[in-house]
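Trainee: I would like to learn how to read the features of a protein model with some care. Could we begin with the way two chains meet, and then turn to what lies inside a chain?

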Protein chains: 2
Amino acid sequence: MKDGNIDIYIIPSTDPHLGEYIPDHWRIIAWLTGFTGSAATVIITDSFAGLWTDSRYFIQAENQLTGTGYVLMKPLLPGNKDFSEWLADNFNAGGKIAFDGRTLSIVRMRKIEKALEGRNVSFDIACDLISGLWTDRPPMPLSAAFDHSVVFCGKERSLKIAEVHEQMRKQNVNYHLLTSVDDIMWLLNVRGNDVEYSPLLTSFAIVGQEQILLFTDENKIPVKLASAFDKLDIVILPYEETAGMLSALPAGATILITPGTTSAALFNAIPQRMKIKEDVSIPARLKAVKNKTEIENIEKVMVKDGVALTRFFYRVEQNSGSVIMSELSLAEKLNELRSVQENYLGPSFSPVVAYNEHGALPHYSATPETDYAVGPAGILLVDSGGQYLDGTTDITRTVAIGRPSAQQKEDFTLVLKGTINLALAKFPAGTKGYQLDILARKALWEHGLNYGHGTGHGVGFCLNVHEGPQNISPGAGTDSETILEPGMLTSDEPAIYREGEYGIRIENLVLCFEDEETEFGQFLKFETLSLCYIDKSLIDILLLDQKEIDWLNSYHAEVYEKISPHLNSEENKWLKVKTDAL
Amino acid sequence: MKDGNIDIYIIPSTDPHLGEYIPDHWRIIAWLTGFTGSAATVIITDSFAGLWTDSRYFIQAENQLTGTGYVLMKPLLPGNKDFSEWLADNFNAGGKIAFDGRTLSIVRMRKIEKALEGRNVSFDIACDLISGLWTDRPPMPLSAAFDHSVVFCGKERSLKIAEVHEQMRKQNVNYHLLTSVDDIMWLLNVRGNDVEYSPLLTSFAIVGQEQILLFTDENKIPVKLASAFDKLDIVILPYEETAGMLSALPAGATILITPGTTSAALFNAIPQRMKIKEDVSIPARLKAVKNKTEIENIEKVMVKDGVALTRFFYRVEQNSGSVIMSELSLAEKLNELRSVQENYLGPSFSPVVAYNEHGALPHYSATPETDYAVGPAGILLVDSGGQYLDGTTDITRTVAIGRPSAQQKEDFTLVLKGTINLALAKFPAGTKGYQLDILARKALWEHGLNYGHGTGHGVGFCLNVHEGPQNISPGAGTDSETILEPGMLTSDEPAIYREGEYGIRIENLVLCFEDEETEFGQFLKFETLSLCYIDKSLIDILLLDQKEIDWLNSYHAEVYEKISPHLNSEENKWLKVKTDAL
């Protein structure tokens, strides 16, 4: 830093694609500080080293940073400051800020610029201080690409490319830069294995009207796939040449980029005189609406996933009080039960198997240090999902181990009312997620309760478990202006977290579909696709109205009908009781 | 236009303050085209003259423009285009667009610039082609200002000025330009009579740290008020000098402006090197939260207003079938009944007394040409309000004349469910209006029904009946990010419009207040302040749940308790029946 006259060096926790899951090669913060959470920013000056993360990681960060010299900064606590506010307070006019511009989005870059407006700051956005120091750095991932069959995804890549071209013409753009790997996977019907939890092949793409430039290691593309690409004018170029090719685009043309996932380095490579249009990417909008084949496959996947979960909870209940179970061993068991299902690739995120107070940490993942024995009496929250070639799942169930308390039953029932009332929503075309969010919260609010996260996120198809652009949450943000459309798959997951006691969350995936059309327009509804019983021992029936009871009974009838044929007779008998009408 | 080489001349329907109600002096479009609706834009080229307005005025504009040569453009109908889209399609690169920059906001100016980006357009923003032609133009309004007593408004102007100064310091701004007249009225505890429906005194203001420059005709300020202003360093300057004084502000300073209500002319007068901060004005945020005195006064006003309305509907029912009533005569009668109440200034907007299919036009105002006889059987929608020195009201009731149909009862009951469920909302501090909007729509949506406007608007205190920044509506817009705070007064007005048949709307004003604080934070609720019975003959009780019936019975008990002491015995007996428990 001294050699480069750098006053402040910034290290984000992201990789050049600015997505949720990143290869080990880019886990700089874990290597540097020991903190392994998924979201953080490190700032280093000559006299200070600090790490910012969000509330879900405070406890973990506090433990992992002890003795490292890194100060944990908690942006959400009073008295502490947001990272750009800290910059504004601690930056001396005329100073120099440096970072590796490949891993910082232009949205964040602009936020920093805004915080330091008029302070005469100079930026070095091509400063990689890490590569030289990190001698045992893991290499860039090298998994092989594979074709994602039309049997699964339902639409030839040629047709998808034609759709993207059509949208580009409508939007008057000549080029479209794709930085989110899942956009590229969807467009080209290809998958890889470069990161945990999501079947991605690290790559960039520039979609032009004639060609698609795919930037990735060509050794990762099998011959047959390469030949299929070739026929569609998909040209494979080295990953490192993305910026170079961008800078060679014709200056008079217009390029569409997505600011949240475009790095400062790539943005700066775009020729000065090129016109830049910023918006959600076209593949992101198109892939959010699942096609008929995808929907049919998801419905089948839900049966497989539901069978695994049912067997899992059957074993939890059978073992309870006799066999010792721990959070970690249960997580392993659940993955094992999923892995015998057809077309299973692996978990879609780090599973949350959280007993009692661990359940109050929304993103808790057990480690050998934190692992709890489960039982004899308490609340077990299990949030997990699978990647299958024919779909991606994400489901949360909370069950009682032993006899629940009255407060636990009240909390559970209020959360369940939220899950049900969002699932029952009927709304006009054009409705946005934030309009519906309250349906999942209303019963909780009426009792002075709430939860601090959104209610629903989009879910990919054999792709990222968290996928935009739609969501169902209390508000704002770029994505919240996205309209809910028939074919969109979204989670429905209200919750309550009692710190130091337990957490309750009930999550299903719901599919948006067309209901009646009246003189007041087209109306839409949701269909709940996830299939797993809801623990009736946690329900206080007096808190449910008839509509809610009807929903639950009909849901349970469907669960039994679809899951029971795949169970043995013991499991079957057990599920019958679990799904009997209230 | 030829003399100035002007290709396109734009005339907005606004005055230099860009608010809702404008003095006759600025009703250029009405003079030019004959169209008297409140919102329109006229565009004139050498071969075309068109008028854009919104759907509520389509029928009226079609009638009023017949034979004038002006083409009615309907931006919301398919095939027609938004006014800036039209500009983009019809503008020849290198051309010149002119308008009177005093009456076009910079928000609209920017929209035009964006639509014509890269088209080499030259603007003449100081082009007044009207004044020279309009020989019998009404003069600028000349009403006298009067002091708005602290007895009514609850806070000395010196304290309000100190609060604004404090906010300016917090926001690091040296000057604050006030263009919305109601902001100035609130800040200085002054009212006038320059426009219909709102007690405003046409003026601009620049708030500095030492002085407040008030731009208005000094002849309008009585001596006593002028002397009170003088003591607080409020300097009265000629209205026409606003731009000149703006241009003389120190270049290094920062000024806070509100883009939606700042004209292009004033914006251009701000010195180039001055820093400009754009946001909702400080008075707008402060005055939205009513103080204790204001709230007590509003509660008293609601009784006065409720008495007038009760007498009105009593007469409607007594006369029904015997005395001939028309929409116009009823509107007059209602105003007469309000005008005998203490501190009444006049209607707060043009009353909607709309019988049968007229009720399906949300902003219908009867004229001699459209006037309907009311009766013998149908639906009467009455949306009206009053300006009182001690508050502003806005209330809608829909009543059956004769025996209503089953569909009318179902529609009415679903709308009522909306009014009630929004009124019953309990929500955490930090909630925004768009999160609650669905509560007013849910019952309608479930039956495939909807309404095309927002659910709630803020209401001023002896000021504009439509006041920001908060609202309760399905979405977006600058104001929708405003948090609902204790002390805010907002309307709650779901509706249904059956074109060609009838309209139903039930509107109350609700006050936000603090409910319980739990470990999950502070919760807020609404209190319904408007006091007038709801027509039970239109209710299908089978559609109401117990919570809704309880709300209605308790509301009716309160209405009877507060209104009946002011009625004669006949009216009293009648109201007793109208408010008897369901």
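Mentor: Contact here means heavy atoms within 4.5 Å. Please keep in mind throughout that this is a predicted model. With that cut-off, the contact takes 30 residues from chain A and 30 residues from chain B.

Trainee: How much area do chain A and chain B bury between them, and which residues in chain A lose the most area to chain B?

Mentor: The two chains bury about 2400 Å² between them, and 59% of this is on carbon and sulfur atoms. On the side of chain A, the residues that lose the most area to chain B are Gln435(A), Trp445(A) and Phe520(A), which together account for 26% of what that side buries.

Trainee: How many salt bridges does the rule find across the interface of chain A and chain B?

Mentor: Side chains of opposite charge can pair when their charged atoms come close. Across this interface the rule finds 2 salt bridges, and there is a salt bridge between the side chains of Glu519(A) and Arg498(B), at 2.9 Å from N to O. As for polar contacts between chain A and chain B, the count is 6 residue pairs, with both residues at pLDDT 80 or more.

Trainee: Which elements give two or more residues to the side of chain A that touches chain B?

Mentor: They are strand E21 (426–428), helix H15 (433–446), strand E25 (495–498) and strand E27 (508–518) of chain A. The largest share of that side comes from H15(A), with 9 residues. Sorted by class, the side of chain A that touches chain B has 14 nonpolar, 7 polar and 9 charged residues.

Trainee: Where is the place of Lys547(A), and with which residues is it in contact, leaving aside its neighbours within four places in sequence?

Mentor: Lys547(A) belongs to helix H16 (residues 546–563) of chain A. Because its relative accessibility is 40%, Lys547(A) counts as partly exposed. Leaving aside neighbours within four places in sequence, Lys547(A) is in contact with Asn421(A), Leu424(A) and Lys442(B). The C-alpha atoms of Lys547(A) and Ile420(A) are separated by 9.3 Å, although these residues are 127 residues apart along the chain.

Trainee: Is Asp383(A) buried or exposed, and is Arg505(A) buried or exposed?

Mentor: Buried means under 20% relative accessible area. Asp383(A), at 7% relative accessibility, therefore counts as buried, and Arg505(A), at 3%, counts as buried as well.

Trainee: How many residues apart are Glu558(B) and Lys562(B) in helix H16 of chain B?

Mentor: They form a salt bridge whose closest N and O atoms are 2.8 Å apart. Because Glu558(B) and Lys562(B) are 4 residues apart in helix H16 (residues 546–563) of chain B, they are separated by about one helical turn. Glu558(B) is partly exposed, with a relative accessible area of 24%, and Lys562(B) is partly exposed, with 35%. Salt bridges that share partners can also be read as a network, and one such network joins Asp182(A), Asp183(A), Lys287(A), Lys290(A) and Glu467(A).

Trainee: How many residues of helix H7 of chain A are buried?

Mentor: Helix H7 (residues 181–188) of chain A is mostly covered, with 8 of its 8 residues buried. Among them are Asp182(A) and Asp183(A), together with Trp186(A). After H7(A) comes Asn189(A), whose phi is positive, near 50 degrees.

Trainee: Finally, how many aromatic pairs are there over all chains?

Mentor: A pair of aromatic rings is described by the distance of the centres and the angle of the planes. By this rule the count is 33 aromatic pairs over all chains. One of them is edge-to-face: Tyr344(B) and Tyr388(B), at 5.2 Å centre to centre, with 65 degrees between the planes. The pair links distant parts of the chain, since Tyr344(B) is in strand E15 (residues 344–347) and Tyr388(B) in strand E18 (residues 386–388) of chain B, 44 residues apart. Both tyrosines, Tyr344(B) and Tyr388(B), are buried.

Terms used
Residues are numbered from 1 along each chain as its sequence is written. Chains are lettered from A and ligands numbered from 1 in the order in which they are written. This is a predicted model: local features need pLDDT of at least 70, side-chain atom pairs count only at pLDDT 80 or more; totals for chains, interfaces and linings use all residues. Side-chain values use heavy atoms; hydrogens and water are left out. Buried area is the accessible area (1.4 Å probe) that two parts lose on being put together, summed over both. A salt bridge is a side-chain nitrogen of Lys or Arg within 4 Å of a carboxyl oxygen of Asp or Glu. A polar contact is a pair of N or O atoms within 3.5 Å; within protein, one must be able to donate a hydrogen and the other to accept it, and residues adjacent in sequence count only if both atoms are side-chain atoms. Ala, Val, Leu, Ile, Met, Phe, Trp, Tyr, Cys and Pro count as nonpolar, Asp, Glu, Lys and Arg as charged, and the others, Gly among them, as polar. Rings of Phe, Tyr and Trp (its six-membered ring) pair if their centres lie within 6.5 Å; planes under 30 degrees apart count as stacked, over 60 as edge-to-face and the rest as tilted. Buried means under 20% relative accessible area, exposed over 50%, partly exposed in between (1.4 Å probe, protein chains only).
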